[in-house]
Amino acid sequence: MTDTYRAVSNKIDPNRLNNSFELFGYDFMIDEDFRVYLIEANTNPCLEISCPLLARIIPEVIDNTFKLVLDPLF
């Protein structure tokens, strides 16, 4: 994941705006030998709650994202 940020670091926030953030989505695949492969990175990840697992995970991701970006400001 770090390499993907480094590859596009000059394009993510070219104006270096303060107090802004973006949520990225990363898709991984794990094979039978438990090797992890990055499939894709998204600048606008789907936050659709389409199954019980996502109904549990997505609100937690959003809540934790807001805690990381907003709590230090207030």
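Colleague: Which element gives the most to the nonpolar patch?

Modeller: In this predicted model, helix α1 gives the most, with three residues, while α1, β1 and β2 each supply at least two. The patch lies on the surface and has about 880 Å² of accessible area together, and its members include Tyr5, Ile12, Phe28 and Phe34.

Colleague: What makes Ile12 count as partly exposed?

Modeller: Ile12, whose place is in helix α1, has a relative accessibility of 31%.

Colleague: Why is the pair of Tyr26 and Phe28 called stacked?

Modeller: A pair of aromatic rings is described by the distance of the centres and the angle of the planes. For Tyr26 and Phe28 the centres are 6.3 Å apart, which is within the 6.5 Å that a pair requires, and the planes are 20° apart, which is under 30 degrees, so the pair is called stacked. Tyr26 is buried, with a relative accessible area of 16%, whereas Phe28 is partly exposed at 43%. Both belong to one aromatic cluster, together with Tyr5 and Phe24.

Colleague: What makes the pair of Phe21 and Phe66 edge-to-face?

Modeller: A search of the whole structure finds four aromatic pairs, and in the one formed by Phe21 and Phe66 the centres are 6.3 Å apart with 90° between the planes. Because an angle over 60 degrees counts as edge-to-face, the 90° of Phe21 and Phe66 places their pair in that class. This pair links distant parts of the chain, since Phe21 is in the loop between α1 and β1 while Phe66 is in helix α2, 45 residues apart.

Colleague: How do you know that β1 and β2 pair?

Modeller: Two strands pair if there are at least two bridges between them, and β1 and β2 have six, in the antiparallel sense, so they meet the condition. Gly25, for instance, stands opposite Asn42 in β2. The hairpin of β1 and β2 has five residues between the strands, and there Phe34 takes a positive phi near 65°.

Colleague: Why is Asp31 called buried?

Modeller: Asp31 lies in the loop between β1 and β2, and because its relative accessible area of 15% is under 20%, it is classed as buried. The side chain of Asp31 also makes a polar contact with the side chain of Tyr37 at 3.2 Å, a value within the 3.5 Å cut-off for such contacts.

Note on methods. Residues are numbered from 1 along each chain as its sequence is written. This is a predicted model: local features need pLDDT of at least 70, side-chain atom pairs count only at pLDDT 80 or more; totals for chains, interfaces and linings use all residues. Side-chain values use heavy atoms; hydrogens and water are left out. Rings of Phe, Tyr and Trp (its six-membered ring) pair if their centres lie within 6.5 Å; planes under 30 degrees apart count as stacked, over 60 as edge-to-face and the rest as tilted. Helices (H or I, at least four residues) and strands (E, at least two) are DSSP runs, numbered from the N terminus. Buried means under 20% relative accessible area, exposed over 50%, partly exposed in between (1.4 Å probe, protein chains only). A polar contact is a pair of N or O atoms within 3.5 Å; within protein, one must be able to donate a hydrogen and the other to accept it, and residues adjacent in sequence count only if both atoms are side-chain atoms. Patches are made of residues with over 30% relative accessible area and no salt bridge: like charges are joined within 9 Å, nonpolar side chains (Val, Leu, Ile, Met, Phe, Trp, Tyr) within 5 Å. Accessible areas come from the Shrake-Rupley method with a 1.4 Å probe; for residues, only the protein chains shown count as cover. A salt bridge is a side-chain nitrogen of Lys or Arg within 4 Å of a carboxyl oxygen of Asp or Glu.
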